[in-house]
Amino acid sequence: MLALLGLAALFASPLWCVAVVVKLVSVALLGRRPDWGVHLLRWSAGMAVAAAVGCSLLSSGAVAFAEHESRSGADSSPAPACRGAEVPRETRLHLVKHRASYFPPGFDCVLDDGTTYESSGVYDALNTCAVVFAVGAGVLAASAGFAAARRDRDRARAVPGADGDPGTPPGDTSGDERHDDRVSGAAGA
């Protein structure tokens, strides 16, 4: 099942790339929304999450495929992923089994003395990409939150307060004419 999800992520990755390029081109064009910066940060955080999930699915799918390949067919033992061209012949003679792990995704080959080595695969690269995209999504989401809060503060300052002067902080009545009346007690006279 994970292998099929990995294939789906593989086929969806070009669509993800096209969406990113289209969004970047739309940002460069005129006629943007007034809050395009916050919107772009939020959209980018969502796309980074999608990329992290896609990388995780790709590496988990690769592990599931290697696991399936090691259980199927006449030439399945030791696992074909452990018998790559980069593995010396002496090492291949001592292979006894393999270990598949899905968190984090990896496929390790076990020798007869109990030592392990990583199979030929792209697990480390995909796992690193997933972590980088996840951290990037967190940074982008936090940046979007800070930018939205800053925008809201700027809007609140731009709206005239009860005093009629946008430059005075809320609650400051030092420039109010009725302030003198309230202090002196002559308000009703």
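Is Y117 buried or exposed? Select Y117 and check: at 18% relative accessibility, the residue counts as buried. Buried means under 20% relative accessible area, exposed over 50%, and partly exposed in between, with a 1.4 Å probe and protein chains only.

**Before you go on**

This is a predicted model, in which local features need pLDDT of at least 70, side-chain atom pairs count only at pLDDT 80 or more, and totals for chains, interfaces and linings use all residues. Residues are numbered from 1 along each chain as its sequence is written, and side-chain values use heavy atoms, with hydrogens and water left out.

**Stop 1: the whole chain**

Show the protein chain as a cartoon. Five helices and three strands make up its secondary structure. From the N terminus on, the order is α-α-α-β-β-β-α-α. Helices (H or I, at least four residues) and strands (E, at least two) are DSSP runs, numbered from the N terminus. Colour by accessibility next: of the 189 residues, 23% count as buried.

**Stop 2: around Y117**

Return to Y117, in strand β3 (residues 116-118). Y117 and C82 are 35 residues apart in sequence, yet 8.6 Å apart in space, C-alpha to C-alpha.

Both belong to the largest nonpolar core, which has 11 residues. Select V63, A66, A79, A81, C82, L95, F107, C109, L111, Y117 and Y123 to see this core. A nonpolar core is a set of buried Ala, Val, Leu, Ile, Met, Phe, Trp, Tyr and Cys residues joined through side-chain atoms within 4.5 Å. Helix α2 and strand β2 (105-111) each supply at least two residues of this core. β2 gives the most, with three residues. In soluble globular proteins, nonpolar side chains tend to be buried together.

**Stop 3: the α2–α4 pair**

Select residues 36-69 for helix α2 and residues 123-158 for helix α4. The two pack at an angle of about 165 degrees, with their axes 8 Å apart. That makes α2 roughly antiparallel to α4. Axes are lines fitted to C-alpha atoms, for helices over the stretch in contact, and angles run from 0 to 180 degrees between N-to-C directions. Angles under 35 degrees count as roughly parallel, over 145 as roughly antiparallel, 65 to 115 as roughly perpendicular and the rest as oblique.

By class, the contact of α2 with α4 has 24 nonpolar, five polar and two charged residues. Ala, Val, Leu, Ile, Met, Phe, Trp, Tyr, Cys and Pro count as nonpolar, Asp, Glu, Lys and Arg as charged, and the others, Gly among them, as polar.

**Stop 4: V135**

Pick V135, in helix α4. At 52% relative accessibility, V135 counts as exposed.

**Stop 5: C55 and C129**

Show both side chains. The sulfur of C55 is 4.9 Å from its closest cysteine sulfur, in C129, too far for a bond. A disulfide is a pair of cysteine sulfur atoms within 2.5 Å, and by this rule the count comes to zero. C55 is buried, with a relative accessible area of 10%. C129 is partly exposed, at 35%.
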